[in-house]
Amino acid sequence: MKDLEHKHPLAIRWFHWINFPLLAVMAWSGLLIYWANPIYRIGFGNRTLLKMTVAQKTYEKANLAFRLAEGLSLHFFFMWLFAINGILYVIYTIVSGEWRYLLPDRHSWREAIQVTLHDLHLRKEPPPQAKYNAAQRISYTAIIVMGLGSLLTGLAIYKPVQFGWLTFLFGGYPMARFFHFWITVGYVFFFVVHVGQVIKTGWNNFRAMIIGREVRTYD
Amino acid sequence: MTDEPEVPAEEIVIAGEDELKKAIEEHDAKVDREVRRLSRRGFIVAGAATVAAYGAWKWLRLAKREGDVPCPLRRGLETNEKISEAIFSTRRLSREFPPSAITNARINGGVGLQANYDPDHWRLSIEGIAGHPPASLSLADIQSFPRRDMTTELRCIEGWSIIVHWTGVRLADVMAKFPPPPRTPFVAMESPGRGYYVGLDMVSCMHPQTLLAYELNGAPLTWQHGAPLRLAIPVKYGVKNIKRVGTIRYTDIRPADFWAEQGYDWYLGL
């Protein structure tokens with residue numbers, strides 16, 4: 001027997017789908033800016049762990065080169081929409097009580113390991129699945145913390161005199177840029193895993209992000 | 001997960017097994033119809049929203065260009081400028097660093113340095129002084145103003161930054177002696193022969209950390225750094241720190257700016 005259950009409120013669906021193109025434009029225009037000074041290396045002293053050095057030719061092939069001015073004008077336009085959408089989403093989850101499904105609780109850390117092991121086919125029994133499982137709670141909360149990080153590091157870069165204290169807290173102007181960049185790499189990582197999980201979970205789940213309701217089948 | 005199912009289960013009246021099966025089938029068919037209805041509606045809205053977003057993007061990209069940037073984005077930059085001017089303090093100081101923090105003074109951008117430069121005959125011309133003809137100053141005239149030192153960060157619009165020590169005089173001090181008419185909103189600065197030119201708002205020019213600098217890191221400016229005199233203005237991106245200033249002009253008209261004509265923001269306030 002089937003039933004139709006409410007899953008995602010209309011507001012959350014809009015926030016989610018509006019955020020997607022906005023984040024894409026922010027990340028892409030960010031790359032146009034990044035091209036002018038691509039220096040963000042992760043390492044200790046002389047040991048480099050991870051570097052994002054891309055050859056000039058690659059930039060040119062990807063049509064990302066010599067577009068700094070364009071990148072800045074887009075970034076400083078869409079930043080408003082991106083930030084406002086994110087802030088409204090957070091306000092909505094607080095006011096509506098949706099935060100209860102989204103914030104990790106004290107069980108989440110242990111359960112998230114079970115989810116990961118299950119997804120990697122290392123563990124048979126499915127983990128407890130409420131509206132969101134523990135791994136989802138942690139990642140959907142982490143993405144909001146990252147959003148806050150983008151906003152604050154962004155302010156520290158955009159107005160380093162006016163928000164000099166913030167720039168200082170992030171360890172100076174180059175460090176604020178460093179964090180701003182690597183948070184975005186984190187979004188890309190989130191995106192890849194997120195889309196993979198959505199594909200794996202199937203149509204019923206994906207459709208729920210559009211129509212808000214999910215079909216449940218009972219025996 | 002908290003809501004009631006949309007198709008109530010009470011409709012299923014348990015009678016014989018066949019009737020039960022039939023009732024369940026009917027119920028499931030009802031659910032399927034409801035899903036199809038919702039999906040149709042949902043995907044039509046989603047499709048329309050996608051088309052609208054794509055249309056808005058195309059409109060934005062193809063809009064008439066103004067200063068080498070689509071005009072909606074130019075309006076965006078100007079709106080950001082108004083917001084900055086409305087909410088931020090114009091007196092806030094840029095952080096000063098200890099001498100140990102000084103980094104190599106990177107050489108970047110030689111626009112305006114090549115043309116019409118004869119160091120022996122260089123003079124600074126100040127135009128638009130209230131009720132007076134233009135003034136012409138030698139480097140010695142400039143150096144007669146109180147000497148100021150500061151170690152601040154120079155942030156390039158490309159993304160890199162350096163910490164440098166500037167020595168010079170406050171532009172505000174010079175402007176006090178050669179004042180603009182009251183409420184003049186803008187200042188234009190040009191290198192000799194107008195090879196490079198920037199537009200600045202009056203408020204940023206009056207900032208106590210805005211210097212006409214003649215030394216960089218304790219040595220007289222080299223020609224690549226804009227000898228004999230350049231602007232050091234830490235509340236703006238590097239491109240506004242014009243090298244080899246030849247002319248300062250007070251004006252009511254928003255002055256042209258070399259990089260703003262190439263698609264960059266005109267204001268560039270930090």
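Trainee: Leaving out residues up to four places away in sequence, what does P234(B) touch?

Mentor: Keep in mind that this is a predicted model. Setting aside residues up to four places away in sequence, P234(B) has partners in both chains: from chain B they are S94(B), T152(B), E153(B) and Q209(B), and from chain A there is V161(A).

Trainee: And where in chain B is P234(B) found?

Mentor: Look for strand 9 (230-232) and strand 10 of chain B. P234(B) belongs to the loop between strand 9 and strand 10.

Trainee: How far apart in space are P234(B) and E153(B), C-alpha to C-alpha?

Mentor: Start with the sequence, where P234(B) and E153(B) are 81 residues apart. In space, going from C-alpha to C-alpha, the gap between P234(B) and E153(B) is 6.8 Å.

Trainee: Is P234(B) buried or exposed?

Mentor: To count as buried, a residue needs 20 or more other C-beta atoms within 10 Å of its own. P234(B) has 27 other C-beta atoms within 10 Å, so P234(B) is buried.

Trainee: How far apart are the C-alpha centres of domain 1 and domain 2 of chain B?

Mentor: The domain assignment of chain B gives 9-62 as domain 1 and 71-262 as domain 2. Between the C-alpha centres of domain 1 and domain 2 of chain B, the distance is 63 Å.

Trainee: Back to strand 10 of chain B: which residue there is the bridge partner of I126(B)?

Mentor: Strand 1 (residues 124-127) and strand 10 (residues 247-251) of chain B run parallel, joined by three bridges. Within strand 10 of chain B, I126(B) has as its bridge partner I248(B).

Trainee: Which strands stand at the edges of the sheet in chain B?

Mentor: Five strands of chain B form an open sheet with mixed pairing, in the order 2-1-10-5-6. A strand with a single partner has one side left without a neighbour in the sheet, so the edges belong to strand 2 (135-137) and strand 6 (197-201) of chain B.

Trainee: Which residues touch the most other members of the largest nonpolar core?

Mentor: That core has 65 residues. The element giving the most to this core is helix 3 (residues 68-96) of chain A, with eight residues. Touching the most other members are V245(B), L212(B) and M189(B).

Trainee: What is L212(B) in contact with, leaving aside neighbours within four places in sequence?

Mentor: V245(B) is one of the residues in contact with L212(B).

Trainee: What percentage of the residues of chain A count as buried?

Mentor: Chain A has 219 residues, and its C-alpha atoms fill a box of roughly 60 × 40 × 35 Å along the principal axes. The part of chain A that counts as buried is 23%.

Notes:
Residues are numbered from 1 along each chain as its sequence is written. Chains are lettered from A and ligands numbered from 1 in the order in which they are written. This is a predicted model: local features need pLDDT of at least 70, side-chain atom pairs count only at pLDDT 80 or more; totals for chains, interfaces and linings use all residues. A nonpolar core is a set of buried Ala, Val, Leu, Ile, Met, Phe, Trp, Tyr and Cys residues joined through C-beta atoms within 7 Å. A residue is buried if 20 or more other C-beta atoms lie within 10 Å of its own, exposed if 12 or fewer, and partly exposed in between; C-beta atoms are placed from the backbone. Helices (H or I, at least four residues) and strands (E, at least two) are DSSP runs, numbered from the N terminus. Two residues are in contact if their C-beta atoms, placed from the backbone, lie within 7 Å. Domain bounds come from an automatic or database domain assignment. Two strands pair if DSSP finds at least two bridges between them.
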